[in-house]
Amino acid sequence: MNSKILRILPALFFLFYVTNTTSAPPHWNYDDPAAWWAIVDPAHPAPLSYPYAECGVGQHQSPVDLAAAKFSSKPLNQLAIIYGADTVTFYNSGHAVQVNTSNDYSGVLKVGEETLPLIQFHFHEPSEHVVGGRHFPAEVHFVHINEDGRIAVVAVAIELGEENTAFQTVLDNTPVVGRESNADTGIQIDPVEFLPKQDHDNLEYYTLAGSLTTPPCREGVQWYLLADPITISEAQLEQFKGFYTNNVRFVQDLNGRSILFNK
Ligand SMILES: [Zn+2]
């Protein structure tokens, strides 16, 4: 087992514990996200019979509406992204088009002095985060997990415009069938191709404490929403919709949380 896997093992256990124990996690889908908390796992006694309870009782849930964001009066951590080309695995998670980084990938997010490796990135249609109730056509989430199991997600809004060549590679290599992966293409992708063209050593962002936007809706996820969008073409959005459409959780209450803006 390589060092990256060892470092992120606690988080992987958390994220996939049900899969790796006696029974598969109960099925969920996007038909009724408001009822995720009530999905019952008959293989376990109460309260473990409600593995997605946090989706209902959590007070720091994601996604949110960014309209309430305010400029931070105190300086926030400098946010830097250092990615690079990787021989990736194209994965259809059953809920999203996803790209998994290789075990020896060295791409990271730096939040102040903290470094979090990039584990995977995936796409939602339309966006999960909204601004004043307005969705973007799509959104990409970069999921970083450090050795302590801390999760930081960088989100980038996707607008329609110029075609994204790397996104075309993702679309053309992702399996059509859910829960299948395409690991042996040898194709290299640099996730930086999905970032806006600004200074990646000192990114402009909104941040707040939130959760995974899919069951089990685990909290303690720090979100960094980049201020600038990227673009894909209209034809790419149409091809993308052939995989999943409306794979989006509804906007959650802030419950007193602040959304801070760093510039
Ligand atoms: Zn996501």
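Cysteine 217 sits in the loop between strands E14 and E15; helices (H or I, at least four residues) and strands (E, at least two) are DSSP runs, numbered from the N terminus. Its phi is near 60°, a positive value in a residue other than glycine. Cysteine 217 has 25 C-beta neighbours inside 10 Å, so it counts as buried. The cut-offs: buried means 20 or more other C-beta atoms within 10 Å of a residue's own, exposed means 12 or fewer, partly exposed lies in between, and C-beta atoms are placed from the backbone.

This is a predicted model: local features need pLDDT of at least 70, side-chain atom pairs count only at pLDDT 80 or more, and totals for chains, interfaces and linings use all residues. Residues are numbered from 1 along each chain as its sequence is written.

Now follow E14 (residues 205-211). Of its 7 residues, 6 are buried, so the strand is largely enclosed by the rest of the structure. E14 pairs with E15 (residues 219-226) in the antiparallel sense over 7 bridges; pairing requires at least two DSSP bridges between two strands. Tyrosine 205 stands opposite leucine 226 in E15. E14 also runs antiparallel to E17 (residues 260-261), joined by 2 bridges. There, tyrosine 206 has phenylalanine 261 as its bridge partner.

Leucine 225 touches Tyr205 and Tyr206, among others, not counting residues up to four places away in sequence. Contact means C-beta atoms, placed from the backbone, within 7 Å.

Elsewhere, arginine 179 also has a positive phi, near 65°. Arginine 179 lies in the loop between helix H3 (165-173) and strand E12 (180-182). Arginine 179 is exposed, with 10 other C-beta atoms within 10 Å.

Definitions and conventions
Contact = placed C-beta atoms within 7 Å.
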